[in-house]
Amino acid sequence: MSLIPENVYYTEQHEWIRFEPDGAATCGITDHAQEMLNDIVFVELPEPGRRVRRGDPVAVIESVKAVSDVYAPAGGTIVRVNSALEEQPELTNRDPYGEGWLFALEGSDRDEIAGLLDPAAYGDLVAREEEQQ
Amino acid sequence: MKKTPLFDEHLRRGGRMVDFAGWQLPVMYTSIMDEHVATRTRAGLFDVSHMGEVVISGPDACGFLRRLLPTDPERLAPGASMYSCLCNSRGGVIDDLFVFMLDVGRYYLVVNAARLDIDLQWLREHCAGDMDISDVSGDTAKIDVQGPRSPDVLARVFHDGRLGELKRFHVLQDMLFEGTPVMISRTGYTGERGYELYVPAAGAAALWNALLEAGQDAGAVPAGLGARNTLRLEACYSLYGHELSEDTTPLEAGLQWLINSPHDYVGKEALMRQKSAGPPRTLICFEMVGRAIPRDGYRIERGGRDIGKVTSGSFSPTFSRGIGMGRVENGAATVGDEIDIVIRNRREQARVAQRPLYAYSG
């Protein structure tokens, strides 16, 4: 069963975004996404300081077989990236919402939440995709 | 889309099915890494029933093969096989294949699934004399059992002393599994000791399940196309459509050793000309220096100059880094040279290595 934590929002491209107490928003890919990708062997993260808009391709995750783009769930400025993934890309498989986080944004507009999926809606999306397989 | 006789078994075992050359096959069961490592250290079983099998028989069968193969079929004796290719008149590769000599006047060709129809057309166009071309693909399932424990897995199912004596590139035609005839060759596409089993479609599922069950404590696992690709890439084996194509000669794929026939075969003139002039392009294999991963089609540069492209690229579970093969201008890069692979507009360093990256370990 795909993990879908309650305290985050989701995109249709299987990214998650969690608004932190300090105002930054941590982002990553979902449990469903990491399961589909299977063995993650390389992660390319954006440069801190880069300004992004919602939907911009900002990172690349490579599994053994394939290259996948990761899109910004919201607009803002990249303030932190998870450099542990350089040596241990498999963290994103093991703990996609925790140690496997990808990058954090600041200055995100919380109004953009309206365009995101809540856990229930994301759960429906995952269920529909799994049915199709 | 077509299904092999093992389709239901793959679903039962949790195989992740994908479309390959119009067939539904598992790309993996658990993970490509696990299946790759299992095959290198224990045993992996692959369903490759989609491949084509063609029987060439008759008094003129050998003469027919002499006219089409750059590798001399007269070097074969009954029970032996050889890797070769079918070339067009320009020396370009129509398909790469294995040719088994089953008996005098009886040969068994194993070809790529995606090229079967084209191969049959080519073979039939060149058919002459007292011979017959019979496509047996539809009724033939193929199971590859590869890895250092593969002899143990087979011994538990076949109980036939001849298996232990079977030499590499040789074939046993009359093995039996519960009354079903099975042909077993000591060949493979992984770089490990291994066997390829040819069984009538109706008997495939029983054999597959028996092998996996008997092989369990030897650590045998089912493995998918994903691992099959990373295994063959490490061993630097060509894949049609990547290292080989109708516009690529065997010389440009580093397969000059295949070209040994004294007979008059299609493409000979073009190949001999290319051999003396030197082929315009050659195949290299390389290892990435950093962590970036090369992929099919990426450009290759040397000293800022475009010299060719990646024909096959992936992450190597054995070497824990990106590896690949590429077709480059002849002379532009040789073993030990530094090259750059252009990955998402950045030049990532790689080093040309001696082929093969992973030496045959059988």
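**Exercise 1. State how confident the predictor is in chain B and in the complex.**

Solution. The mean pLDDT (the predictor's confidence in each residue, from 0 to 100) of chain B is 97, with 100% of its residues at 70 or more. For the complex, the predictor gives an ipTM of 0.92 and a pTM of 0.96. This is a predicted model, in which local features need pLDDT of at least 70, side-chain atom pairs count only at pLDDT 80 or more, and totals for chains, interfaces and linings use all residues. Residues are numbered from 1 along each chain as its sequence is written, chains are lettered from A and ligands numbered from 1 in the order in which they are written, and side-chain values use heavy atoms, without hydrogens and water.

**Exercise 2. Determine the strand order of the open sheet of 5 strands in chain B, and explain which strands stand at the edges.**

Solution. Step 1: strands are DSSP runs (E, at least two residues), numbered from the N terminus, and two of them pair if DSSP finds at least two bridges between them. Step 2: the order is β6-β7-β8-β5-β9 (chain B), with antiparallel pairing. Step 3: β6 (81-87) and β9 (132-135) of chain B each have a single partner strand, so one side of each lacks a neighbour in the sheet and they stand at the edges.

**Exercise 3. Describe how β6(B) is joined to β7 of chain B.**

Solution. Step 1: 7 bridges join β6(B) to β7 (residues 93-103) of chain B, and the two run antiparallel. Step 2: one bridge partner in β7(B) is B:F100, which is paired with B:S81.

How values were computed:
Helices (H or I, at least four residues) and strands (E, at least two) are DSSP runs, numbered from the N terminus.
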